[in-house]
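These are my notebook entries on a structure I went through entry by entry.

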Amino acid sequence: MIAIPYLTALTTYFSYGLLFAFGQIRDLFRKVLDWCRSNNLQGYAPICLGLEDFYVRRLYLRIQDCFGRPIASAPDAWFDVVERQSNDNNKTLKRTEKITRCLNLGSYNYLGFAAADEYCTPRAIETLKKFSPSTCSTRVDGGTLTLHNELEEFVAKFVGKPAAVVFGMGYVTNSAILPVLIGKGGLIISDSLNHNSIVNGARGSGATIRVFQHNTPSHLEEVLREQIAEGQPRTHRPWKKIIVVVEGIYSMEGELCKLPEIVAICKKYKAYTYLDEAHSIGAVGKSGRGVCELLGVDTADVDIMMGTFTKSFGSCGGYIAGSKELIQYLKYTCPAHLYATSISPPAAQQIISSIKVILGEDGSSRGAQKLACIRENSNFFRSELQKMGFEVLGDNDSPVMPIMLYNPAKIPAFSRECLKQNVAVVTVAFPATPLLLARARICISASHTKEDLVKALEVISRVGDLVGIKYFPAEPKKEHQE
Amino acid sequence: MYVKAVPPTDLNKNTEWFTYPGVWTTYILILFSWLVVLCVFGCSPGMAWTILHLSHFLVTYHFFHWKKGTPFADDQGIYNGLTWWEQIDNGKQLTRNRKFLTVVPVVLYLIASHTTDYQNPMLFFNTLAVFVLVVAKFPNMHKVRIFGINADH
């Protein structure tokens, strides 16, 4: 539940209305001025109609310097951000030679594996020398190394399922698997705030898609009952298959999924459960096994578990874990397995090493330390921000914390002011989030030290006062006994 | 004073913002602020309300019933044949939002014609405006293109 101050909602609508009106007036002038100039299309159709890139041209380009900042080092707790400058009011940006060392509050570096690690990096380099950077083939042709089989066994053991299959890219895992699992005549019920890869995969599958209110199991039950009773559209035959797709941690909200209730409802109505653990695998749970461990759900109850290696493992790629028959079927049919190049060998080795570190199989307790560190860091940061009066979303223990900004003008203000003080944050606006609810998303890492967090809190507090985003009253500081 | 924002189940980002709290108030406040601007110009209240009504007609007709599609390319053009009015609330007719948006031009018309004492020619333009707007919002006019005006290529 997000509580917006009513006045802020009104001013946000008004600001967007103003931006929209200015954009339309500028477009009108551009059309009038270009009336005389002949176009050089030579009979070809224009690539895009003027309407569909209105948002990009008139709203996004104005604050383009807050997005897509290039970095010049590994995304560790501190990293180098390349400065860019613009001569034509942000329409084009040029990279300069200057770099600034900034505190990294935006990378998905939950366990600190993004930078050189004492156990993982030597092994990754060894694998690079032995196996070379690319397998130069698909899995079925000649691209299955012993490394891939080892990786799949490891992932299956880590996640707690009988078998797993890995792919080279996380986004592709969702968008190529869903069309294979379900087709026309099936029903996909997905959470309203699911990631674009799931939406893409669901649209590509040809199944009917229904959406239920974010994280509301009662609404899921309502939608299930209605859809099962009605059957397929127009023919009213029973559905061939129903899959309910939810995420472990929602990346824009920082909320954990209400998994026990959702799994119970799916079992009651005999629907399959697909859990996307992109942000939660490795980052939550006592031994890092994700949201199932944290919420006490038996992994045998979730039919398909999906995850990516980009967030907590410092690598790239995605996996699907399930029963042996399911994985065997996927290996025969999934286009990402049959036609896409297999996961790069050093990346695979990085995943294996990082899983070993997390489980403690490398002989040290660094994995447990990292997990405890990220939990403490997230809880500390979140409670401090809330004490200062910011509106922070997300549950306890979740390393993702969005700070609500709401007004469109506060997005570039917050971003640029923080960068001036050497803190790099990621701000998200429409259309990735709903129109009203623009936010700055902070991702805490296990490699952030206490000093880093304190510095970040100071900077954010100062910028927050300047920009005016402390929507809740701050808690009074306790008087120190001296 | 805080309001709760519940994310709706509308996948169309172009119209989903209309279901959040505060939209109706903002709409009415914008109309009133334009009235203030017009009064500053020193015309009679009748003329001010008429100008407000007619400009409201032009703006809302253009953006609700003429422009089709969405201003961003994320949804790959699924709504390219639908105007904003046809996209709102996922195409469901007679929802609260739709009823509110139908009532506003009628209320403006009543106030405008009252303050001009029902004189011609203002009455003619006002009546034409409200007629076009209300007919465009009927449930039967969903996806109807009269004489092929504004139809897809």
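This is a predicted model: local features need pLDDT of at least 70, side-chain atom pairs count only at pLDDT 80 or more; totals for chains, interfaces and linings use all residues.

**Entry 1: chain B overall.** I looked up the secondary structure of chain B and found 5 helices and 1 strand. Along the sequence, they follow the pattern β-α-α-α-α-α. I then took the extent along the principal axes: the C-alpha atoms of chain B fill a box of roughly 50 × 50 × 25 Å. Of the 153 residues in chain B, 43% are buried. I also checked the contacts in chain B between residues at least 6 apart in sequence, and 63% of these join residues at least 24 apart.

**Entry 2: annotated spans.** I consulted the UniProt record for chain B, an unreviewed entry, which lists residues 27-52 and 122-139 under "transmembrane region". In the model, residues 27-52 of chain B are 85% helix and 0% strand, and the end C-alpha atoms lie 13 Å apart. For residues 122-139 of chain B I recorded 83% helix and 0% strand, with the end C-alpha atoms 29 Å apart. For chain A, the UniProt annotation "transmembrane region", also from an unreviewed entry, covers residues 6-23. I found that stretch of chain A to be 100% helix and 0% strand, with 26 Å between the end C-alpha atoms.

**Entry 3: aromatic pairs.** I checked the accessibility of both partners. A:Tyr13 has a relative accessible area of 6% and is therefore buried, whereas B:Trp17, at 23%, is partly exposed.

I next examined A:Phe430 and B:Phe72, an edge-to-face pair with 5.4 Å centre to centre and 75 degrees between the planes. A:Phe430 lies in the loop between β13 (426-428) and β14 (439-443) of chain A, and B:Phe72 lies in the loop between α2 (45-66) and α3 (84-87) of chain B, so this pair joins two chains. I noted that A:Phe430 and B:Phe72 are both buried.

Which residues form one aromatic cluster with A:Tyr13? I found B:Trp17, B:Phe18, B:Phe64 and B:Trp84.

**Entry 4: charges over rings.** I searched for lysine ends over aromatic rings. In chain A, the charged end of A:Lys370 sits over the ring of A:Phe113, 4.6 Å from its centre. In chain B, B:Lys137 lies over the face of B:Trp85, at 5.2 Å from the ring centre.

**Entry 5: a sheet in chain A.** I traced an open sheet of 7 strands in chain A, in the order β4-β10-β9-β8-β7-β5-β6, with mixed pairing. Strands β4 and β6 (208-212) of chain A stand at the edges with a single partner strand each, so one side of each has no neighbour in the sheet. Neighbouring strands of this sheet are turned by 20 degrees against each other on average, direction ignored.

I then followed the pairing at β4(A). Strand β4 (residues 163-167) and β10 (residues 318-322) of chain A run antiparallel and are joined by 5 bridges. A:Ala163 has A:Gly322 as its bridge partner in β10(A). Strand β9 (residues 304-308) of chain A also pairs with β10(A) in the antiparallel sense, over 4 bridges, and A:Met306 has A:Ile320 as its bridge partner.

Are the faces of β4(A) covered or open? Both are covered: A:Ala163, A:Val165 and A:Phe167 on one side are buried, as are A:Ala164 and A:Val166 on the other.

**Entry 6: A:Glu253.** I located A:Glu253 in the loop between β7 (242-247) and α8 (259-268) of chain A. With 8% relative accessibility, A:Glu253 counts as buried. Leaving out residues up to four places away in sequence, I listed the residues that A:Glu253 touches; among them are A:His214 and A:Arg439.

**Entry 7: B:Pro121.** I found B:Pro121 in the loop between α4 (96-115) and α5 (122-136) of chain B. Its relative accessible area is 46%, so B:Pro121 is partly exposed. B:Pro121 and B:Leu31 are 90 residues apart in sequence, and their C-alpha atoms are 23 Å apart in space.

Methods:
Residues are numbered from 1 along each chain as its sequence is written. Chains are lettered from A and ligands numbered from 1 in the order in which they are written. Side-chain values use heavy atoms; hydrogens and water are left out. Buried means under 20% relative accessible area, exposed over 50%, partly exposed in between (1.4 Å probe, protein chains only). Rings of Phe, Tyr and Trp (its six-membered ring) pair if their centres lie within 6.5 Å; planes under 30 degrees apart count as stacked, over 60 as edge-to-face and the rest as tilted. A charge sits over a ring if NZ of Lys or CZ of Arg is within 6 Å of the ring centre and within 35 degrees of the ring normal. UniProt positions are given in the numbering used here, feature names are shortened, and annotations may be inferred rather than shown by experiment. Two strands pair if DSSP finds at least two bridges between them. Axes are lines fitted to C-alpha atoms, for helices over the stretch in contact, and angles run from 0 to 180 degrees between N-to-C directions. Contact means heavy atoms within 4.5 Å.
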